[in-house]
Amino acid sequence: MQRITITMDDELAAYLDDYIAQKSYPSRSEAVRDLVRDALVTHHQQSDEQHCFGILSYLYEHNTRELARRLTDTQHHHHDLSVSTLHMHVNEEDCLEVSILKGERRELEQFADSVTSQRGVNHGHLQLVPAPDTHAHSHEHEHQQ
Ligand code: NI
């Protein structure tokens, strides 16, 4: 652990304290760690090949010409990345879909872009979660009985 001292203006500090209260963080340190992790580690410092889980969410208008079929085609074309999709009929026009993806970071980002850039798809968002490194675990703790 390193101790880092940060200077910020009063207004920004007030935003931070509001955020901490809203999210029920036990300390400023815990909040800042999560913010930094989310901003830097998750999105920028992972290699293209980093294995990740992706949570892709988007709203779409199912009556937009051919859109529902094209989205289904896209999902089938990348069936190796798509683990599961939840579909919710929001109202007469809109559908909400949440897909769980698994694969290399760049593949997941390209897949997400190919979905969310389509006309009629709104509020697209991809959250990436680096997959825990399974190779780092020793097996010595297993089979001890
Ligand atoms: Ni629907």
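Donors here are N, O and S atoms within 2.8 Å of the metal, and water is not among the atoms, so sites may look incomplete. With that in mind, this is a predicted model, and its nickel ion is coordinated by H87, H89 and C95. Here's a quick tour of the site, starting at the metal and moving out to the residues around H87 and H89.

**The nickel site**
- H87 gives its NE2 atom, H89 its ND1 and C95 its SG, at 2.0 to 2.4 Å from the nickel ion.
- Read along the chain, the donors of the nickel ion follow the pattern H-x1-H-x5-C.
- The UniProt record (an unreviewed entry) puts a "binding site" feature at H76, H87, H89 and C95.

**H87**
- You'll find H87 in strand β2, which covers residues 82-89.
- H87 has 32% relative accessibility, so it counts as partly exposed.
- Leaving out residues up to four places away in sequence, H87 touches Y60, C95, L96 and E97.

**H89**
- H89 also sits in strand β2.
- The relative accessible area of H89 is 62%, so this residue is exposed.
- With residues up to four places away in sequence set aside, H89 is in contact with D94 and C95.

**Between the two histidines**
- The side chains of H87 and H89 are joined by a polar contact of 3.1 Å.
- Both residues are also donors to the nickel ion, H87 through NE2 and H89 through ND1.

Conventions:
Residues numbered from 1 in each chain as written. Predicted model: local features only at pLDDT ≥ 70, side-chain atom pairs only at ≥ 80, totals over all residues. Heavy atoms only, no water. Donors = N, O, S within 2.8 Å, 3.2 Å for Na, K, Ca; no water. Buried < 20%, exposed > 50% of the residue type's maximum accessible area, 1.4 Å probe, protein only. UniProt positions renumbered as here; feature names shortened; annotations may be inferred. Helix = DSSP H or I, 4+ residues; strand = E, 2+ residues; numbered from the N terminus. Contact = heavy atoms within 4.5 Å. Polar contact = N/O pair within 3.5 Å; in protein donor to acceptor, adjacent residues only side chain to side chain.
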